[in-house]
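Here are my notes on this one, written as numbered points. Have the model open while you read.

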Amino acid sequence: MTALPTDLAALGAAPTEPPVRVGSELRCRVRLADGRAGLLAWLAPELAREPAMRRRYTRDLARLRELDVPGVAPILAAGPDDPAATAPPWRLRLDPPGETLESWLRRRAPAPLDEAVQLAIDLCGVLAAIHARGVVLRDLHPRLAVRGA
C-alpha cells in the first residue's frame, strides 16, 4: 500500500479504501472520528519532488482552504505546515454524499433535456461562485462532481 502523507489517527480519521491515483493526486477515502466520510488527497510523490509543482499545489491548497462556496466540500485540515518538509502536501476534506455526475450520466443517458439543463445551470452556478473568489479548477471532470452535495 502507498504510504499516507500524514498520521490519520492524529487527525481522528481512519482509511476505508486504499489510495487511488486521480490526476496529479493520490486519494484515499477515510472515516472521520464523528462518523462522517472524508477524503484525504496528496500530491503524487514524484510530483511533490518538483519544486514548481509543489509550490503550485500548495498555493492552490491555500486558496481552496479559504473557499466557502455552497456545493464545494470544505477542507478540514491540510499540511505539512513546515514549508521545508519533504512529505507531499495534502488535504483532508469532507466527502460529500451523493452520486457522481459520471455515474448519473451512465445511469440516465440519454438524460431528459430538462434534467440535463438544470444540472448544467447548477454546475455553472457553483463554478461562477468559485471563479468569483479567484479560484480556477484545473480538473473538472464528471467523476469529481457530485450531485446532491
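**Notes on the predicted model**

1. The structure holds ten salt bridges, a salt bridge being a side-chain nitrogen of Lys or Arg within 4 Å of a carboxyl oxygen of Asp or Glu. Before going on, some bookkeeping. This is a predicted model, where local features need pLDDT of at least 70 and side-chain atom pairs count only at pLDDT 80 or more, while totals for chains, interfaces and linings use all residues. Residues are numbered from 1 along each chain as its sequence is written, and side-chain values use heavy atoms, with hydrogens and water left out.

2. Take the arginine 91 to glutamate 25 salt bridge, at 2.9 Å from N to O. Arginine 91 sits in strand S6 and glutamate 25 in strand S3, so the pair ties together parts that are 66 residues apart in sequence. Strands here are DSSP runs (E, at least two residues), as are helices (H or I, at least four), numbered from the N terminus. Both arginine 91 and glutamate 25 are buried; buried means under 20% relative accessible area, exposed over 50%, and partly exposed in between (1.4 Å probe, protein chains only).

3. Arginine 29 and aspartate 95 also meet through their side chains in a salt bridge, 2.2 Å from N to O. That pair links distant parts of the chain, with arginine 29 in strand S3 and aspartate 95 in the loop between S6 and strand S7 (99-100), 66 residues apart. Arginine 29 is partly exposed at 34% relative accessible area, whereas aspartate 95 counts as buried at 19%. Glu17 joins Arg29 and Asp95 in a network of salt bridges.

4. Now the nonpolar interior. A nonpolar core is a set of buried Ala, Val, Leu, Ile, Met, Phe, Trp, Tyr and Cys residues joined through side-chain atoms within 4.5 Å. The largest has twelve residues, among them Leu8, Trp42 and Trp90. Strands S3 (25-32), S4 (37-43) and S6 (90-94) each supply at least two residues of this core, and the largest share, four residues, comes from S3. A second, separate core of ten residues includes Ala41, Ala44, Leu47 and Ile75.

5. Strand S5 (residues 75-79) is mostly covered, with four of its five residues buried. S5 pairs with S6 in the antiparallel sense over four bridges; pairing requires that DSSP finds at least two bridges between the strands. Isoleucine 75 stands opposite arginine 93 in S6.

6. Check the omegas. Most peptide bonds are trans. Here, a cis peptide bond joins glycine 79 and proline 80, with omega about -5 degrees, and proline 80 is in the loop between S5 and S6. Another cis peptide bond joins alanine 109 and proline 110, with omega about -10 degrees; proline 110 is in the loop between helix H4 (101-108) and H5.

7. Is arginine 54 buried or exposed? At 14% relative accessibility, arginine 54 counts as buried, and its place is in helix H3 (residues 51-66). Leaving out residues up to four places away in sequence, its contacts (heavy atoms within 4.5 Å) include Leu43, Pro80 and Pro89.

8. Last, the surface. Leu113, Val117 and Ile121 make a nonpolar surface patch of about 300 Å². Patches are made of residues with over 30% relative accessible area and no salt bridge, joining like charges within 9 Å and nonpolar side chains (Val, Leu, Ile, Met, Phe, Trp, Tyr) within 5 Å; accessible areas come from the Shrake-Rupley method with a 1.4 Å probe, and for residues only the protein chains shown count as cover. Leucine 113 lies in helix H5 (residues 113-132) and counts as exposed at 67% relative accessibility.
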